Amino acid sequence: MVSSAARLLRLCSTLPALATCSHERYPEYKWTNDSAKLNCIDHHQKTSIFEGTTVHGVPRLIQPSANVQDTSDYLQAYHVLTPGVRVSSAHMATVAVGTTAGILLRSNHGQQRLTVAHHGFLRSDDIYHPTEAGTHIGVIDERFEHLDVALAKLNPSINYNNSTYFESKRPRRLLRGADIELGAWFSVDGMSTGMVSLRAVGITMEVPPRPARTTEIQWTEWNLFDGFGQINTILRGGICGAAIVEDDVDDGGVAGFFHQGNGEWAWSPCLDELIDRSWSVV
């Protein structure tokens with residue numbers, strides 16, 4: 001449950017209220033941003049706000065739905081992996097966890113590492129695509145447990161490219177928490193959800209919800225978002241690890257990596273520590 005302190009960061013807003021009208025003019029309506037005490041977004045077009053999303057790279061081979069994950073083998077289909085594809089832990093103790101691949105980072109020493117969700121690889125450092133029965137693509141060699149981020153060294157044969165991210169914009173740079181404007185729009189494209197829109201509503205100073213079977217983490221700063229999308233705001237398991245990329249501008253700012261969501265709120269770690277350690281987007 002979100003505490004009263006965290007709720008204040010939401011600035012008394014709720015999920016955006018979307019109103020559509022078939023008229024080009026509507027003088028009988030007075031559209032205000034405090035209508036019904038909601039934080040409203042005016043959409044003055046005949047088409048739905050959800051129509052016309054753009055695929056910026058290769059289209060998904062399987063479109064995620066309520067009971068369907070994108071388990072496509074993109075190495076086999078395109079000989080390249082991109083942000084948003086499915087990755088899996090090794091099959092251990094009858095459990096293999098599937099999450100979403102993040103982005104390729106580079107250190108100031110030239111090392112390249114793929115970001116993945118730390119909690120998706122608790123029992124093994126090995127990473128597979130798209131399932132544990134698929135191709136071994138790399139090994140985790142550094143973890144930031146308090147950020148729920150792990151960095152993996154990819155096998156030399158694996159081609160990973162940040163230049164496309166399905167329906168989300170290309171990730172180009174990491175954002176500090178202080179660089180994220182309240183109300184800014186972001187998108188995240190998970191293998192279990194497809195593209196979901198998120199709106200930045202603040203930074204919470206409290207420990208966010210933790211996935212099952214994971215240890216409690218130390219206090220740190222976390223980005224807080226509210227969101228909606230083409231999937232009735234259901235943020236299903238498997239989206240964890242996906243990069244959250246700014247939509248309002250074209251510089252590809254990455255606010256964080258999806259950690260947890262409850263259909264109303266979404267949490268991601270602030271990336272200041274990675275930036276301070278000289279990691280940047282490839």
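Me: Helices and strands are named here from DSSP runs, with helices as H or I of at least four residues and strands as E of at least two, numbered from the N terminus; in which loop is P130 found?
Reply: This is a predicted model in which local features need pLDDT of at least 70 and side-chain atom pairs count only at pLDDT 80 or more, while totals for chains, interfaces and linings use all residues. Residues are numbered from 1 along each chain as its sequence is written, and side-chain values use heavy atoms, with hydrogens and water left out. The peptide bond that leads from H129 into P130 is cis, with omega near -10 degrees. P130 itself is found in the loop between β7 (126-129) and β8 (135-144).

Me: Is D148 buried or exposed?
Reply: D148, although it is not a glycine, has a positive phi of about 55 degrees, and its place is in the loop between β8 and β9 (149-154). Buried means under 20% relative accessible area, exposed means over 50%, and partly exposed lies in between, with a 1.4 Å probe and protein chains only. Because its relative accessible area is 4%, D148 is buried.

Me: Is H79 buried or exposed?
Reply: H79 also is not a glycine, yet has a positive phi of about 65 degrees, and is found in the loop between α2 (74-78) and β3 (86-88). Its relative accessibility is 60%, so H79 counts as exposed.

Me: How many aromatic pairs are there, and what is the angle between the planes of Y74 and Y78?
Reply: Rings of Phe, Tyr and Trp (its six-membered ring) pair if their centres lie within 6.5 Å, and planes under 30 degrees apart count as stacked, over 60 as edge-to-face and the rest as tilted. By this rule the count comes to 3 aromatic pairs. One of them is the stacked pair of Y74 and Y78, with 6.1 Å centre to centre and, between the planes, 20 degrees.

Me: Where do Y74 and Y78 both lie?
Reply: Y74 is buried, with a relative accessible area of 2%, whereas Y78, at 31% relative accessibility, counts as partly exposed. The two residues are 4 residues apart, about one turn of the helix, and both lie in helix α2.

Me: Which residue has its charged end over the ring of F166?
Reply: F166 forms one aromatic cluster with Y74 and Y78. A charge sits over a ring if NZ of Lys or CZ of Arg is within 6 Å of the ring centre and within 35 degrees of the ring normal. Over the ring of F166, 3.9 Å from its centre, sits the charged end of R60.
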